[in-house]
Amino acid sequence: MVSREQKRASVLHEKLQLLRSITKSHALSESSIIVDASKYIQELKHKVERLNIDITPTTSPQTNSNSQTSSWPQIEVETLEKGFLVNVYSERSCPGLLVSILQVLEDLGLNVLEARVSCTDTFRLQAFGGEDEEAMINAQVVTEAVFEAIKNWSESKEQG
C-alpha cells in the first residue's frame, strides 16, 4: 500500500517533469526546473509585450489625414535584460529627428550606451539604452515617448 506522502511526492514529480518538458528545460534538480520555468515565463512575457507593441496604433500613427502618415518613421522597442533596444526607421531623411529622440530617451532616464545612425537618404536609428537604477520603464512607455518625439518633431518642422 502506497502512503499518502509517497503519492503526493509522485504527483509532484510528475508535475515537475511536465513543467520541465513544457519549458524545454534540461535541468535535473527540482529547483533548477523551477528556475528555468521562471526564465521561460519571463521570455514569454517579453514576447507578449513585443507583440502588443507591434499591434498598437502608436507604432503606425494615423492621426494626420495627409500623405505624411505613410512616411512616418516606424518604431520598434524591444525589452532587454537591463534596458531597451530602440529601432526607428523612415524611408526618407529626417533632419533633426535624432536629437528629438535622444532627448526623449534621456528624459525617460535611459542612458544610450550604443547607437547606430544613418541619416543620408533614409533615417535609421538603432540605440541600446540602459535604465537608471531607480527607473522602472516598460517598452510601451518608451514606444509612446519616441512616438511623441516624432510627432513633436514633425509639428515643429511644419511650423518652421
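Beyond its neighbours within four places in sequence, Thr-79 makes contact (heavy atoms within 4.5 Å) with His-46, Glu-49, Phe-84 and Ala-139. This is a predicted model, in which local features need pLDDT of at least 70, side-chain atom pairs count only at pLDDT 80 or more, and totals for chains, interfaces and linings use all residues. Residues are numbered from 1 along each chain as its sequence is written, and side-chain values use heavy atoms, with hydrogens and water left out.

**Thr-79**
- Thr-79 belongs to strand 1 (residues 74-80); strands are DSSP runs of E, at least two residues, and helices are runs of H or I, at least four, each numbered from the N terminus.
- Thr-79 is classed as buried because its relative accessible area is 16%; buried means under 20%, exposed over 50% and partly exposed in between (1.4 Å probe, protein chains only).

**Leu-97**
- Leu-97 is located in helix 3 (residues 97-107).
- Its relative accessibility is 0%, so Leu-97 counts as buried.
- Apart from neighbours within four places in sequence, Leu-97 contacts Pro-73, Phe-123, Ile-150 and Trp-153.
- Between Leu-97 and Phe-123 the C-alpha to C-alpha distance is 8.7 Å, with the two 26 residues apart in sequence.

**Glu-155 and the surface charge**
- Glu-155 sits in helix 4 (residues 139-159).
- Glu-155 counts as partly exposed because its relative accessibility is 38%.
- Together with Glu-144, Glu-148 and Glu-158, Glu-155 forms a surface patch of negative charge; patch residues have over 30% relative accessible area and no salt bridge, with like charges joined within 9 Å and nonpolar side chains (Val, Leu, Ile, Met, Phe, Trp, Tyr) within 5 Å.
- A salt bridge is a side-chain nitrogen of Lys or Arg within 4 Å of a carboxyl oxygen of Asp or Glu.

How values were computed: Areas by Shrake-Rupley, 256 points an atom, 1.4 Å probe, with all protein chains shown as cover. Lys, Arg positive; Asp, Glu negative; His and termini not counted. Charge placed at Lys NZ, Arg CZ, Asp CG, Glu CD.
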